[in-house]
Amino acid sequence: MIVDSYRFLPRSFRPIYEGRGPFPGEEGPVWAPFEKRLASARIALLSSAGLYIKGRQPSFDLEREQTNPEWGDPSWRPIPADLGSDDIASAHLHINDEDIRSDPEIALPARLLDQLVAERVVGSATAEHISVMGYQDRSLEGWQNHTVPELVTRLRDQQADGLILAPA
Amino acid sequence: MMPAVAEERRASRIVGVEFPFGHAFGMPGDKAMQRRVLELALRVLAGAATFGTRVDVDIEWPVPLREAYKAWQPKEASPIVRKLLATSRPTNSEAAP
């Protein structure tokens, strides 16, 4: 079974995504072998659904995006792995986030990962997972120069062996 | 959701799901579906032998296409879509993820 990547995308938007190839400078393969057994590895999750902690973290900057539609907030939020679902909010202008708000596990399955750790399928989860905004400035300048290096440092500090990237 | 795009963008390991945007791991409340996706993602992460490995999840979205297509879209078009609509004026109201 081969997934239809454009099944839920409006037809007129398909050319925006299809046949664009790699970003300049990213043509070559990037590969890191996964050397540990999963049962002894530490795993982190990253969601691009614009999740943040209610009352404790600022929302992603939607006001600026409203006034500058080609800009997307390149900042990120650490989401503690033990945070309750009721404490998670989302800020994303490109999707209907009702389902995410009712069950954040569909974007960031931290409780499910904990369950797999308890079952010894996975060694452990990082103390924090990561939330970003999936909609970004097309140049990706802020993302490449600031966000990604910060995320790599944060995940290395937490001794993550692998990262599951989940687009929104 | 768009594994073909991930391939074009040279992602090293890819799990494809034919789910509406905003639902990377499946339906809200459906823990079995969410587990199938996460377990496959972990297996591909740990077990892929070569760059560009792609495995698609064989799950059909349990909502009729027309309904699911409308449901994932925001109630108001995003700023960039409003801008595009203002310049191109397509016949249908559309949104981008």
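**Reading a two-chain model**

Modeller: Let's start where the chains meet: the contact takes 49 residues from chain A and 47 residues from chain B. Keep in mind that this is a predicted model.

Biologist: Happy to begin there. Which elements give two or more residues to the side of chain A that touches chain B?

Modeller: On chain A they are helix H2 (62–67), helix H3 (98–102), H4 and E7. As for composition, that side of chain A divides into 31 nonpolar, eight polar and 10 charged residues.

Biologist: How should I read a nonpolar core?

Modeller: The general idea is that in soluble globular proteins, nonpolar side chains tend to be buried together. Here the largest nonpolar core has 53 residues, and those touching the most other members are Ile43(A), Ala107(A), Leu113(A), Ala24(B) and Leu42(B).

Biologist: Which elements each supply at least two residues of this core?

Modeller: From chain A, strands E1 (42–47), E2 (51–53), E3 (76–80), E6 (128–132) and E7 (162–166) do, along with helix H4 (110–118). From chain B, strand E1 (13–16) and helix H2 (31–47) do as well. With seven residues, H2(B) gives the most to this core.

Biologist: Could we look at one member closely? What does Leu113(A) touch, not counting residues up to four places away in sequence?

Modeller: Within chain A, Leu113(A) touches Ile43(A), Leu45(A), Val122(A) and Ala125(A), and from chain B it touches Leu38(B).

Biologist: Now the fold of chain A. How many helices and strands does the secondary structure of chain A come to?

Modeller: Five helices and seven strands. Reading from the N terminus on, chain A runs α-β-β-α-β-β-α-α-β-β-α-β.

Biologist: Finally, chain B. What does the domain assignment of chain B give?

Modeller: Domain 1 (1–62) and domain 2 (63–97). To read such a pair, look at the spacing and then the contact. The centres of domain 1 and domain 2 of chain B, taken over C-alpha atoms, are separated by 24 Å. Five residues of domain 1 of chain B are in contact with five residues of domain 2 of chain B. The domain 1 side of that contact in chain B divides into four nonpolar, one polar and no charged residues.

How values were computed: Residues numbered from 1 in each chain as written. Chains lettered and ligands numbered in written order. Predicted model: local features only at pLDDT ≥ 70, side-chain atom pairs only at ≥ 80, totals over all residues. Core = buried A, V, L, I, M, F, W, Y, C linked by C-beta atoms within 7 Å. Buried ≥ 20, exposed ≤ 12 C-beta atoms within 10 Å, placed from the backbone. Helix = DSSP H or I, 4+ residues; strand = E, 2+ residues; numbered from the N terminus. Contact = placed C-beta atoms within 7 Å. Domains from an automatic or database assignment. Nonpolar A, V, L, I, M, F, W, Y, C, P; charged D, E, K, R; others polar.
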